[in-house]
Amino acid sequence: MASSKRRKRENAESERKNTLKEKLEIPEMLDSSLPHIEANGNREIIVDGCKGIVEYSQSRIKLNTGALLVSFVGDDIEIKNYSDIQTVISGNIFTIEFESVG
Amino acid sequence: MIIIRFLRFLKGYVSFTASGGFIERFVNLCTKNRIPLWNLKRKEDYLEADTTVKGYKIIRESAKRSGVRVSIAKKHGLPFFMRSYRKRAGILAGLAFACLLVAFLSSMVWSISVSGNLELTDEEILEAFGENGVKIGAFKFKIDCEDVAYNVTRRLPQLSFASVNIIGSRAEIVVNERSEKPDFPDDSEPCDIISSENGTVARIEANIGEAQIKVGDAVVKGDLLISGITENADASENLQAARGKVIAKVKKKITTENTDFSFHTQKAEKNRNLLYILGLEIPLGPSVGKENASRLTQKLTNGEIELPVGIIKEHSYSLSDETPLPDKYKSLLCAKNYCEIYRNIFLQSEEIISQLVTENKKDGFAYFSGECLVKKDIGIRKAILVDIS
């Protein structure tokens with residue numbers, strides 16, 4: 001019961017924030033809850049604000065970026081550099097998938 | 001990226017493999033514990049990655065919590081390289097000595113270039129700069145470029161400008177020679193212009209004074225051509241320095257009969273090479289003596305910069321007694337002399353109108369004589385002597 005109330009409160013707060021953002025026309029780039037992803041062709045992708053690795057195999061890397069789970073699917077993909085500030089993924093990337101958390 | 005790689009090399013880093021357990025959890029825990037990871041490569045059942053030496057020392061905790069086994073694959077960087085050679089102190093000492101030697105030698109001048117000189121030779125300029133401390137092997141910090149340039153311009157009055165720039169171990173000397181003041185005729189003394197040769201007047205350009213001849217007149221040596229005494233309207237006279245040109249057709253004779261010529265031949269030659277390294281000259285053979293000696297320095301160069309390493313070639317020879325020129329070469333000598341005389345006439349003339357060359361025979365060899373008709377300025381200045389008593 002209590003958790004349902006809290007969720008409702010959070011949703012309402014989130015909606016209020018979104019409405020305010022739309023009214024003020026604040027660029028999405030300034031939204032800290034969304035990850036900043038930069039791609040150099042399909043060879044290198046830089047992800048800012050990575051919160052952790054969810055899945056790591058030779059053909060798929062799934063990163064937790066807070067509001068989104070981002071998956072990179074490709075051949076021989078590897079993590080050139082990994083830190084919570086910036087993660088650099090390189091290889092032959094075919095697909096980028098986004099999943100909302102919650 | 002290269003700088004980051006270089007810094008990693010300097011600090012040293014470790015390549016390791018992590019197998020078993022939960023690899024993703026292991027990576028997340030490493031990040032949480034501030035262990036930097038890079039070059040992560042996922043293989044079938046293990047992970048390859050690099051981390052710092054400090055990071056690897058605290059990686060055990062993350063590995064334990066995620067059930068991963070870590071093992072070192074390879075150690076990279078300067079600290080590991082130095083450790084493998086720690087028992088070979090001689091190498092380190094040699095490296096340190098080499099660094100010190102390079103630093104010491106870098107504080108000296110090892111190459112000097114000279115530019116901008118036309119009349120003065122490189123040797124004369126290098127000698128003047130050498131007296132002021134700019135020479136091979138001199139310490140750079142002892143050279144005061146401004147003082148040296150000032151002293152050299154005083155030592156060599158032919159120079160209007162001199163400078164020395166020290167670039168690395170190279171001294172660049174740049175000079176500019178003073179151009180001579182042209183000789184202007186002295187107009188303070190009154191003078192006439194008289195004929196220096198016999199000829200026929202072809203053109204008169206009397207700038208100051210009165211011409212005493214006309215085009216087509218024949219003049220002999222000493223005749224007055226342009227007078228410095230001019231008459232005014234009131235019959236009084238002015239004395240001034242006459243100035244002008246009198247171009248006349250003049251006949252010039254060329255004879256090359258005299259071929260009494262003797263010469264010396266080289267009797268014995270001596271050669272020696274010297275090795276030149278950083279101003280030191282190491283002889284590679286016995287001395288060649290000082291009689292008619294010459295030396296040629298060949299330094300290693302890339303076309304612009306000379307290195308202080310090279311070879312000096314010394315050469316000397318002795319001369320035989322005087323030998324008269326054999327008859328078979330006398331004709332050649334005559335031809336050479338004729339050409340030299342003709343060249344001088346050509347340079348002194350305004351125009352060569354015609355020439356006639358005759359080949360003569362004497363004592364079994366041919367010699368040449370000729371006659372040229374040229375146009376040239378025959379006027380010379382002659383002072384007007386004025387009695388003021």
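Guide: Welcome! Let us start with a term: a helix crossing is right-handed if the near helix is turned clockwise from the far one by less than a right angle, and left-handed if it is turned anticlockwise. Please keep in mind that the model is predicted.

Visitor: Thanks! Which hand does the crossing of α2(B) and α4(B) have?

Guide: That crossing is right-handed.

Visitor: At what angle do the axes of α2 and α4 of chain B cross, and within what distance do they come?

Guide: In general, a packed pair of helices is described by two values, the angle between the axes and the distance between them. Here α2(B), residues 23–32, and α4(B), residues 59–66, have axes that come within 9 Å and cross at roughly 145°.

Visitor: Which residues of α2(B) and α4(B) meet?

Guide: From α2(B) they are B:Arg25, B:Phe26, B:Leu29 and B:Cys30, and they meet B:Ile59, B:Ser62, B:Ala63, B:Arg65 and B:Ser66 of α4(B). Sorted by class, this contact has five nonpolar, two polar and two charged residues.

Visitor: Let us turn to chain A. How many helices and strands are there in it?

Guide: Chain A has one helix and six strands, and along the sequence they follow the pattern α-β-β-β-β-β-β. Of its 102 residues, 20% count as buried. Among the contacts in chain A between residues at least 6 apart in sequence, 36% join residues at least 24 apart.

Visitor: How should I read the pairing of β4(A) with β5(A)?

Guide: Look at the direction and the number of bridges: β4(A), residues 60–64, pairs with β5(A) in the antiparallel sense over five bridges. One pair to find on screen is A:Asn64, whose bridge partner in β5(A) is A:Leu69. The two strands form a hairpin with three residues between them, and A:Gly66 in the turn has a positive phi of about 100°.

Visitor: And how many bridges join β5(A) to β6(A)?

Guide: Twelve bridges join β5(A) to β6(A), residues 86–100, and the strands run antiparallel. A:Val70 has A:Phe98 as its bridge partner in β6(A). β5(A) and β6(A) form a hairpin, with three residues between them.

Visitor: Which strand of chain B does β5(A) join?

Guide: That is β2(B), residues 37–42; three bridges join it to β5(A), and the two strands run antiparallel. Two places to look: A:Ile79 stands opposite B:Leu40, and A:Tyr82 has B:Leu37 as its bridge partner.

Visitor: How do I read the whole meeting of the two chains? How many residues of each are in contact?

Guide: The size of an interface is often given as the accessible area lost when the parts come together. Here we can count residues instead: 14 residues of chain A are in contact with twelve residues of chain B. On the chain A side, β3 (52–56) and β5 (68–82) each supply at least two residues. By class, that side has five nonpolar, five polar and four charged residues.

Note on methods:
Residues numbered from 1 in each chain as written. Chains lettered and ligands numbered in written order. Predicted model: local features only at pLDDT ≥ 70, side-chain atom pairs only at ≥ 80, totals over all residues. Contact = placed C-beta atoms within 7 Å. Helix = DSSP H or I, 4+ residues; strand = E, 2+ residues; numbered from the N terminus. Nonpolar A, V, L, I, M, F, W, Y, C, P; charged D, E, K, R; others polar. Pairing = 2+ DSSP bridges. Axes fitted to C-alpha atoms, helices over the stretch in contact; angles between N-to-C directions. Buried ≥ 20, exposed ≤ 12 C-beta atoms within 10 Å, placed from the backbone.
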